[in-house]
Amino acid sequence: EDVPQRLKSYIKNINSIISNISYSNNLVILLEDSDFQRKYIKSTLEFAGLKVIDFSNNESLIEYLEKNKPIVDLAIVDYFLDGQNSLKSILYLKETKFYEQVPIIMLTVSNDLSHKYELFMIGANDFIIKPFDTGDFYLRIRNQLKTKYLIDMLDAKNKLLTISSITDDLTKLYNRRFFWETIEKEHKRHNRINSEYSIIMLDIDHFKKINDNFGHGTGDLVLSDVAFSLKNSVRNTDIVARYGGEEFIVLLPDTKKENAIVVANKILNSIREIPVHFRSEPITVSIGLASSREGDNYEKIISLADERLYKAKNNGRNRIEY
Ligand code: GH3
Ligand code: MG
Ligand code: MG
Ligand code: MG
Ligand code: MG
């Protein structure tokens, strides 16, 4: 056993403290050039229930992280390596978006202050001076893992907030606000590269009758079914949004009008094929289509699609106008 016997009971306590933190992946990456120290530190970490991937130089660490993109909770990094120092790895972690939140504990034999300041400024979170006390080592690790856990929680919360602010609750499509933000950006991008985009607007035919005959709950289910068919009829890069109550809009980037007509037909057919279940008639939609070549600004292009949608309604519904 690599861990001294007299520390075992003490370590067991700290071990349980560490495992009480629900940090995401338990994974520590260790950079240490001395084989003896690397093995010792690794077994000390594993003893506390942590997973360890160890490296002896910058190149192997960076190559591994680049290739495998593991979720890392902590990096323990020796400063002086054989023929190099670990600055390259530290900078890689701090400058790579995917790893920038990984806390870094520096291992060093030196207690040189200016050297310490410099590493703190670059992004080191803590220092452990070798030779170290195992209890001190565990407690410092615990601090960093706890902070990392809180950061992960905040990130997850922010992601959820962002998603819910751009998503329609019922259909899980993008909402109207996100659509407007996106088309503004996309319009500029298409102008810049002189590319064409198309807009498809659709509205469910006689939807009010579904609500009136079968209830609002059934109406909601129909909306979800339509959203699902719609999403499945277009590319992943197309932006599908719920534009209003039973009205949807699709932005097809880099798509010429003739290709958008093909997509609109696919949408029309796939919605007609939604199972009728206990309802008496199939669901149909009316579609209005316009392309960016038909107007200077996106408001104009959307209002063209809208006009054509109402033309499709007036011309008998269940059809496309362009
Ligand atoms: P048209 O073919 O002319 O489009 O007729 P329509 O009945 O589909 O159109 P109308 O605009 O008269 O009615 C739309 C209905 O959609 C009225 C409204 O209560 C209903 N609606 C809007 N949002 C929701 C929703 O979230 N859930 C349900 N169940 N109904 C909704
Ligand atoms: Mg060293
Ligand atoms: Mg209507
Ligand atoms: Mg309608
Ligand atoms: Mg409507």
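The magnesium ion (ligand 2) is coordinated by Asp33 (OD), Asp78 (OD) and Phe80 (O) at 2.0 to 2.3 Å, where donors are N, O and S atoms within 2.8 Å of the metal (3.2 Å for Na, K and Ca). Water is not among the atoms, so sites may look incomplete. In sequence, the donor residues of this ion follow the spacing D-x44-D-x1-F. Asp78 is buried, with a relative accessible area of 3%, whereas Phe80 counts as partly exposed at 42% relative accessibility. Here buried means under 20% relative accessible area, exposed over 50% and partly exposed in between, with a 1.4 Å probe and protein chains only.

The structure is a predicted model, in which local features need pLDDT of at least 70 and side-chain atom pairs count only at pLDDT 80 or more, while totals for chains, interfaces and linings use all residues. Residues are numbered from 1 along each chain as its sequence is written, chains are lettered from A and ligands numbered from 1 in the order in which they are written, and side-chain values use heavy atoms, with hydrogens and water left out.

A further magnesium ion (ligand 5) is coordinated by Asp203 (OD) and Glu246 (OE), at 2.0 to 2.2 Å. Helices (H or I, at least four residues) and strands (E, at least two) are DSSP runs numbered from the N terminus. Asp203 counts as buried, at 6% relative accessibility. The magnesium ion (ligand 5) and the magnesium ion (ligand 3) are separated by 3.2 Å.

The table gives polar contacts, which are pairs of N or O atoms within 3.5 Å.

| Residue | Atom of the residue | Distance to an oxygen atom of ligand 1 |
|---|---|---|
| Phe207 | backbone N or O | 2.7 Å |
| Lys313 | side-chain N or O | 2.8 Å |
| Arg317 | polar side-chain atom | 2.7 Å |

Taken alone, ligand 1 exposes 650 Å², of which the protein buries 67%; accessible areas come from the Shrake-Rupley method with a 1.4 Å probe.

The largest nonpolar core has 29 residues, and Ile200, Leu202, Phe248, Ile267 and Ile287 touch the most other members. Such a core is a set of buried Ala, Val, Leu, Ile, Met, Phe, Trp, Tyr and Cys residues joined through side-chain atoms within 4.5 Å. At least two residues of this core come from each of E8, helix H8 (207-214), helix H9 (216-233), E10, helix H10 (257-272) and strand E11 (285-291). H10 gives the most, with seven residues. A second, separate core of 23 residues includes Leu61, Ile62, Leu119 and Phe127.

Leu65 lies in helix H3 (residues 58-68) and counts as buried, at 0% relative accessibility. Beyond its neighbours within four places in sequence, Leu65 is in contact (heavy atoms within 4.5 Å) with residues including Tyr92 and Tyr99. The backbone oxygen of Tyr92 is reached by the side chain of Thr96 at 2.6 Å. Thr96 is placed in the loop between helix H4 (87-95) and strand E6 (104-108), and counts as buried at 17% relative accessibility.

Notes. Polar contact = N/O pair within 3.5 Å; in protein donor to acceptor, adjacent residues only side chain to side chain.
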